[in-house]
Amino acid sequence: MTQLNTYRGGPNERGHFGIYGGRFVAETLMPLILDVEKAYAAAKDDPEFIKDFRYHMTYYVGRPSALYYAKRLSEELGGAKIYFKREELNHTGAHKINNCIGQILLARRMGKTRIIAETGAGQHGVATATVCALFNLPCTIYMGEVDIERQKPNVFRMRLLGAEVKPVTSGSRTLKDAMNEALRDWVSNVSDTYYLIGTAAGPHPYPMMVRDFQAIIGEETRAQMLEAEGRLPDSLVACIGGGSNAIGLFYPFLDEPSVALIGVEAAGLGLETATKHAASMAGGAPGVLHGNRTYLLQDADGQILEGHSISAGLDYPGVGPEHAWLHDLGRVRYESATDDEALDAFKLCARTEGILPALEPSHALAYIIRAAGALPKDHLMVLGLSGRGDKDIFTVADALGTRI
Amino acid sequence: MSTEGRIPRRFAALKAEGRAALVTFLTAGDPDAATSLALLRGLPAAGADLIEIGMPFTDPMADGPAIQAASLRALAAGMSLAGTLELVRGFRAGDDATPVILMGYYNPIYRYGVARFLTDAKAAGVDGLIVVDLPPEEDEELCLPALAAGISFIRLATPTTDDARLPAVLRHTSGFVYYVSITGITGTGAASDQAISEAVTRLRRHTDLPVAVGFGITSPERAAAVAKVADAAVVGSAIVSRLAKGLNAEGKATAGLIEDVHHFVRALAAGVRGARG
């Protein structure tokens, strides 16, 4: 592991986390990206902006989210004392809303009058449609045709909230193509439109900005754990798609050497399959896509491959650039869990805790099931429970061969 | 202006002729390698003055449906960056004068390895690069190494590039400047003659390089209108769409495809050549 004085120093002024990150966008977008950077730099130090963000976190999102001791699960696994950071209790049912509140407040400050976003599973689309309804801004959500078919309830929710959901028929018709299409929209509507990116990826300043808005997860966890146990946790475990919930949980702990940080990627049908997983760090290589350099699933010619995961929120072929950097430095350990392991974790959590976790954090829980038993009983382990599983019941039923 | 290299030589010669250049775009390997090479070989005779060759990429974020589809066709037929350089070598075997510019996205080049790519591209006869997702903020990635290797790096300027930013965009640009006449993706919309004329005048205040104008040029008439005011008219999506009309239901080239594309390029060239007459 590379020792740094601080792991919280990224990115530099050019948006680089080591060799990762950056601003790899078309010239048409570059002046806009610079505008967003300038506006965010001013907003994040403005007490009014911070107050507004905190107000909405408390009264609209319902924060702080609970840090809950999962007693029965801990006993079942027979080792570590497991806590859940319950982001699934937020309004709209996942951590995505934290970032959406932050960015919509920024878009309003910038005088933008139209919002666009991409979505895979639909969670970010629902959160974006929600804040657009709240602030009365028109919004267009790009969603791959394949994902629209897989996530019908979320499509209906977005439409109920007043969003226009545009099916993306180009490329492989999933999340990466939705992101391409959103970028094409932005290039074509630069003057009035704000692109509300859903994860800690994309051109600088998005990875930093999304991390900062999500860092509330880790800040609360720290205070709540100190209150509950009188000390810091020993390990934090979170799932990684683009990685916004994980970086939000990890960031306030990066400079605490006693806290182990574990990110869990989706191994789909297994890492040994070339194209049936979505673990870009375990099975990919550095490359440039969607405005940043990061680990990508790609072939020898630099063509982007489709990720696969049972969880639509994890099957993006890349990962946020800060994770790529923390991976190379060795500060965060990245593990993976398969579709089957995630399903088993989903079922165990439902049975022992009465909580249906989303399939995304079920991957993190799958790692905990593998690891917790061997750990001492005083090992404090926190699961980033990033979303609730109601949206996934059709997928789970399918996988279990049940018709509902 | 230096007259070293095929791009400056070509623009100097056209300036002496008193006319603008026609720059044509085709995606490498679309719809297959053999057809693609035949298309490229016939372009100079059909009236193309400079040739842009698209490097296929799975995720062409700045391109509209026509060029997206061309990229996917080429990839499905097995085209790669190495295959693209092979096509350039094939073209160069029969033409040592027409400038060849590769256009595309950074990831395939990054994956190939920048140093290796520049060596192989130079050896194949590539004169310039247009890489859409490398703004001046990322110049040390490819732009500066390319210039050091003797390959031009042609920058895109857009309607959102204001006077304050333009010097940064032009700083390491060489060969010519490519003005993207609309805020949008390829193959959609078109700017007015007046907007184009004003933009070219603005760019000329900042640079002595030739100014090429592209995006939204779909016909010989539009090419002629642009050629009146700019140093070059770039036509991409319209040619690619013409090619697509010559494909059968399986996406394979039909008998008349090559001749039909060249026929369209001849019409565009006639427009450009007659523009200032």
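## A buried pair in chain A

A:Glu220 and A:Lys85 are both buried in this predicted model. Their side chains meet in a salt bridge, with N and O 2.7 Å apart. The pair links distant parts of the chain. A:Glu220 sits in helix α10 (residues 216-229) of chain A, and A:Lys85 sits in strand β4 (residues 81-86) of chain A.

The structure holds 46 salt bridges over all chains. Which residues join A:Glu220 and A:Lys85 in one network? A:Arg63 and A:Glu87 do, through salt bridges that share partners.

A:Arg114 lies in strand β5 (residues 114-119) of chain A, and A:Asp185 lies in helix α8 (residues 175-188) of chain A, so the bridge ties together parts 71 residues apart in sequence. Are the two residues buried or exposed? Both A:Arg114 and A:Asp185 are buried.

## A bridge between chains

A:Arg293 forms a salt bridge with B:Glu141. The closest N and O atoms are 2.4 Å apart. This pair crosses between chains. On one side is A:Arg293, in strand β12 (residues 291-296) of chain A. On the other is B:Glu141, in the loop between β4 (128-131) and α7 (143-148) of chain B.

Why do these two residues count as buried? Buried means under 20% relative accessible area. A:Arg293 counts as buried because its relative accessibility is 5%. B:Glu141 is buried too, because its relative accessible area is 15%.

## A nonpolar patch on the surface

Now to the surface. A:Leu356, A:Ile393, A:Phe394 and A:Ile404 form a nonpolar patch there. Together they have about 380 Å² of accessible area.

A:Phe394 lies in helix α16 (residues 393-399) of chain A. A:Phe394 counts as partly exposed because its relative accessibility is 45%. Partly exposed residues fall between the buried limit of 20% and the exposed limit of 50%.

## The largest pocket

How much space lies in the largest pocket? About 450 Å³. The pocket is lined by 41 residues. B:Asp63, B:Ile67, B:Thr186, B:Phe215 and B:Ser237 lie nearest its centre.

Several elements of chain B each supply at least two lining residues. Among them are the strands β1 (21-27), β2 (50-54) and β3 (100-104), and the helices α3 (65-76) and α11 (237-245). The lining divides into 22 nonpolar, 16 polar and three charged residues.

Note on methods. Residues are numbered from 1 along each chain as its sequence is written. Chains are lettered from A and ligands numbered from 1 in the order in which they are written. This is a predicted model: local features need pLDDT of at least 70, side-chain atom pairs count only at pLDDT 80 or more; totals for chains, interfaces and linings use all residues. Side-chain values use heavy atoms; hydrogens and water are left out. On a 1 Å grid over the protein atoms alone, a cavity is a set of points where a 1.4 Å probe fits but cannot get out, and a pocket is an open set with protein on both sides within 12 Å along at least five of seven lines; lining residues have an atom within 4 Å of a point. Grid points are joined across faces, edges and corners, and a volume is the space filled by probe spheres set on the points. Helices (H or I, at least four residues) and strands (E, at least two) are DSSP runs, numbered from the N terminus. Ala, Val, Leu, Ile, Met, Phe, Trp, Tyr, Cys and Pro count as nonpolar, Asp, Glu, Lys and Arg as charged, and the others, Gly among them, as polar. Patches are made of residues with over 30% relative accessible area and no salt bridge: like charges are joined within 9 Å, nonpolar side chains (Val, Leu, Ile, Met, Phe, Trp, Tyr) within 5 Å. Accessible areas come from the Shrake-Rupley method with a 1.4 Å probe; for residues, only the protein chains shown count as cover. A salt bridge is a side-chain nitrogen of Lys or Arg within 4 Å of a carboxyl oxygen of Asp or Glu. Buried means under 20% relative accessible area, exposed over 50%, partly exposed in between (1.4 Å probe, protein chains only).
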